[in-house]
Amino acid sequence: MSKQDTLRCDVVVIGAGTAGLAAERAARANGASTMLIDPDFNGTTCANVGCMPSKLLIAAAKARHAVDRAEVFGVNVGEVSVDGAAVMKRVRKERDRFAAFTQKSIDKIPDSVRIAARAKFTGPGKIQLDDGRSIEARAIVIATGSRPALPEAFAPLGKRALTNESVFELKTLPKRLAVIGSGAIGIEMAQAFARLRVDVALFDTSETMAKLRCPRVHKALKAIIERDIDLHLGVDAKPEPCDQGVRMRWSGNSKGEAPFDCVLVAAGRPPVLDGLDIDKAGLELDDKGVPCHDRATMRCGDSNVFLAGDVAADLPLLHEASHDGA
């Protein structure tokens, strides 16, 4: 096949994460001819750096927390220690085992469907690959996912600035950890590390965690989090490298400074749209550059382009991504 050939199919899916895999699988199961475009085919966010490793860490934290509460049930436990290196080694081992299952499912996709390349728009409904070939399809599904945000202030910290894509590579547990952001990732990771006896401080500019709308629910959550974590809401926290690792200075509802071994930045996961030349797709974009779409159908206007998963920047959840794709 010439690199200049035009490939044709019913449905082309850009991105082989949870949403993209579900979209391609559903389309092919319903008789459509499909193509799945991804430069790496490395597996899903959930398996590699998301739900699976995070829940493994949380499981370890629950085990340690259960020991703390054992006396309530009349079970007296002696001195307890946490082997941080063993905890993180198990997280990676089990994570890799789960990820291998996902990779096997990707490897079973027919070679004619699986195309290792980068795609971009050259016009409305027109797709070109970085190997020179173009694609004509009745429907185009953008499922390129999201990536962790790392504000510029944290760039000078180098490896001391962690995200959900690097935190599970820690060789052992830190002694002191700062967490930036009180969304789902920030809260669950902060509590997990704290219950593994890491000294954790959680910072957020917002005064409300997890975007909770009910004051009573937020009050209950706050009380739970403060049992384990030094919580600072409504503050502006700024990092700087220091001999101990990272020094955080914060001001706002509270004020202070303290050293930490590292910082976990959980400041959101913006959609991955760079490299797609989305401005050439002829789609209406919102103020964040995301194509406007109908949440019920994921269709962008009256075009033949659809969004699926985290790239839609509205419901960044595994089951929603899978549902979007299907």
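This is a predicted model: local features need pLDDT of at least 70, side-chain atom pairs count only at pLDDT 80 or more; totals for chains, interfaces and linings use all residues.
Colleague: Let us start with strand E2. Is E2 mostly covered or mostly open, and how many of its residues are buried?

Modeller: Strand E2 spans residues 34-38 and is mostly covered, with five of its five residues buried.

Colleague: Which way do the side chains of E2 point?

Modeller: The general idea comes first. Side chains in a regular strand alternate between the two faces of the sheet. In this case, Thr 34, Leu 36 and Asp 38 point one way from E2, while Met 35 and Ile 37 point the other way. Residues on both sides are buried.

Colleague: Which strands pair with E2, and in what sense?

Modeller: Strand E1, residues 6-14, runs parallel to E2 and is joined to it by four bridges. Within that pairing, Val 13 stands opposite Leu 36. Strand E3, residues 114-116, also pairs with E2 in the parallel sense, over three bridges. There the bridge partner of Asp 38 is Ala 116 in E3.

Colleague: What unit do E1, helix H1 and E2 make?

Modeller: They make a β-α-β unit, and it is right-handed. Helix H1 in that unit covers residues 18-29.

Colleague: Now a helix. How do I read the length of H5?

Modeller: Compare its span with the expected one. H5, residues 184-195, has 12 residues and reaches 17 Å from its first C-alpha to its last. That is close to the 16 Å expected at 1.5 Å a residue.

Colleague: Which residues of H5 are buried, and what do they pack against?

Modeller: Again the general idea first. An α-helix has 3.6 residues a turn, so residues three or four places apart point the same way. In H5 the buried residues are Gly 186, Ile 187, Met 189, Ala 190, Ala 192, Phe 193, Ala 194 and Arg 195. The buried residues of H5 pack against helix H3 (51-69) and helix H6 (215-226), and also against strands E8 (176-180), E9 (199-204) and E14 (262-265).

Colleague: What follows H5?

Modeller: Arg 197 follows H5, and its phi is positive, near 75°.

Colleague: How many salt bridges does the structure hold?

Modeller: The structure holds 20 salt bridges. One of them joins the side chains of Lys 55 and Glu 188, at 3.4 Å from N to O. Lys 55 lies in helix H3 and Glu 188 in helix H5, so this pair ties together parts that are 133 residues apart in sequence.

Colleague: Which residue forms a salt bridge with Arg 95?

Modeller: Glu 169 does, with the closest N and O atoms 3.1 Å apart. The pair links distant parts of the chain, 74 residues apart: Arg 95 is in helix H4, and Glu 169 is in the loop between strand E7 (161-162) and E8. Arg 95 counts as buried because its relative accessibility is 9%, whereas Glu 169 is partly exposed at 37%.

Colleague: Is Lys 93 buried or exposed?

Modeller: Lys 93 lies in helix H4, residues 84-107. It counts as exposed because its relative accessibility is 61%.

Colleague: Last, the sheet containing E12. What is its strand order?

Modeller: It is an open sheet of three strands in the order E11-E12-E13, with antiparallel pairing. E11 (235-242) and E13 stand at the edges with a single partner strand each, so one side of each is left without a neighbour in the sheet. The twist averages 20° from one strand to the next.

Colleague: How many bridges pair E12 with E13, and which residue stands opposite Ala 258?

Modeller: Five bridges pair them, in the antiparallel sense. Met 248 stands opposite Ala 258 in E13.

Notes
Residues are numbered from 1 along each chain as its sequence is written. Side-chain values use heavy atoms; hydrogens and water are left out. Buried means under 20% relative accessible area, exposed over 50%, partly exposed in between (1.4 Å probe, protein chains only). Helices (H or I, at least four residues) and strands (E, at least two) are DSSP runs, numbered from the N terminus. Two strands pair if DSSP finds at least two bridges between them. A crossover is right-handed if, with the strands pointing away from the viewer, the path from the first strand over the helix to the second runs clockwise. The expected span of a helix is 1.5 Å times one less than its number of residues. Contact means heavy atoms within 4.5 Å. A salt bridge is a side-chain nitrogen of Lys or Arg within 4 Å of a carboxyl oxygen of Asp or Glu. Axes are lines fitted to C-alpha atoms, for helices over the stretch in contact, and angles run from 0 to 180 degrees between N-to-C directions.
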